Amino acid sequence: MSERKVLNKYYPPDFDPSKIPKLKLPKDRQYVVRLMAPFNMRCKTCGEYIYKGKKFNARKETVQNELYMGLPIFRFYIKCTRCLAEITFKTDPENTDYAMEHGATRNFQAEKLMEEEEKKIQREREEEELNNPMKVLENRTRDSKMEMEVLENLQELKELNQRQALVDFEGMIDHYREIEKREKEREKEEDERETKEMLARALMKRLRDSDSDSDQEEESSSSSSTQPKKSSTDRPTDILTTEKSPETQGPTASTAVKKAKVESWERSVGTLGGGGALGSLVVRKKPAVAVGKPGPGKPPVAPSSQTDSKASTADSTNATKPTIQNGSSLSLLGAYSDSDSNDSE
């Protein structure tokens, strides 16, 4: 059984490699390779930007009749991602870079162009110095003069740095902070002063308002003192029971209040002479009639003892019986009962 990984192949003894036919391939044939864009470029046809690192399936070929120190130079063909226009660039082993050839322009190569310009100037100068010794002397004097100017500029920069080194930046910052603090304190004092002024104005306005109110109260009290004062015993309902007149003012005010009370009581309970419900219960006692019958033509003569006793009792009853005409019915009942008890005795 043969090996799975064959490292040594079998060559028969009669093997002759010169007898193997060789393929004739063109020298400029192309290969398809996978590569990334070596620099930023912009398509000339559509203006599309192609950035460094973008991957392409490119065709590779060897540049004919162009070598650098025996090294071949390769050319690559890619297509624009937008318009499919063909773009070509090739290797540049002299500068270890790539050179744009056709179909696009390279971006951000100002530094490279400047370096190329400097190299070109240096090359021309060397060629002039080889053929003209006076030119060499002029170039040396120019270089020395330029070096002196550079040294002077450098010395000025050093002096300027020393001046700035003497500046106390911490002190400047502290001074600025102190100025800022003073400004804040001044603003705070101004705010407090304005607040005090506003409070003082508000207080003065309040005092003026209170003075005007007190003046109005004094005027109202003086005007009320000229008018008659109402008694403290007056109630809102007294106006229904009393009719004020000039006679009720002054010393007769108390009698008017009593009269009003009596009138309100009589309206609620009733009076004897008013024909109320309680007035019908009270009956006046009739005077006693003489027992003896008078003769025709002679007036009846009562005994002297009886007439005297009756007169005395009548006087006593009249003295003890209160003469209340405007009193209530209950007071009349009490007086009537007292008169009955006196008569029975």
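M148, L151, L154 and L157 together make a nonpolar surface patch of about 400 Å². Patches gather residues with over 30% relative accessible area and no salt bridge, joining nonpolar side chains (Val, Leu, Ile, Met, Phe, Trp, Tyr) within 5 Å and like charges within 9 Å. Accessible areas come from the Shrake-Rupley method with a 1.4 Å probe, and for residues only the protein chains shown count as cover. L157 belongs to helix 2, residues 133–166.

This is a predicted model, in which local features need pLDDT of at least 70 and side-chain atom pairs count only at pLDDT 80 or more, while totals for chains, interfaces and linings use all residues. Residues are numbered from 1 along each chain as its sequence is written, and side-chain values use heavy atoms, with hydrogens and water left out.

**Confidence**

- The average pLDDT of the protein is 76, and 63% of the residues score at least 70; pLDDT is the predictor's confidence in each residue, from 0 to 100.
- Residues 243–251 have a pLDDT below 50, and this stretch has 5 contacts in the model beyond near neighbours in sequence (contact means heavy atoms within 4.5 Å).
- Residues 290–307 also have a pLDDT below 50, with 3 contacts beyond near neighbours in sequence.
- Where pLDDT is low, the predicted coordinates should not be read in detail.

- An open sheet is formed by 5 strands in the order 1-4-5-6-7, with antiparallel pairing. Its edge strands are strand 1 (31–36) and strand 7 (97–102), each pairing on one side only.
- From one strand to the next, the twist averages 40°; axes are lines fitted to C-alpha atoms (for helices over the stretch in contact), and angles run from 0 to 180 degrees between N-to-C directions.
- Helices (H or I, at least four residues) and strands (E, at least two) are DSSP runs, numbered from the N terminus, and two strands pair if DSSP finds at least two bridges between them.
- Strand 1 pairs with strand 4 (residues 55–68) over 6 bridges, and M36 stands opposite K55 in strand 4.
- Strand 4 is joined to strand 5 by 6 bridges, with Y68 opposite L71 in strand 5. These two strands form a hairpin with 2 residues between them, and M69 in the turn has a positive phi of about 55°.
- Strand 6 (residues 86–92) is joined to strand 7 by 5 bridges, and T88 has H102 as its bridge partner in strand 7. The hairpin of strand 6 and strand 7 has 4 residues between the strands, where T96 takes a positive phi near 50°.

- Strand 2 and strand 8 are joined by 3 bridges, and C43 stands opposite A104 in strand 8.

**Salt bridges**

- The count comes to 11 salt bridges, each a side-chain nitrogen of Lys or Arg within 4 Å of a carboxyl oxygen of Asp or Glu.
- One of them joins the side chains of E48 and R82, at 3.7 Å from N to O. E48 lies in the loop between strand 2 (41–43) and strand 3 (49–50), and R82 in the loop between strand 5 (71–79) and strand 6, so the pair ties together parts that are 34 residues apart in sequence.
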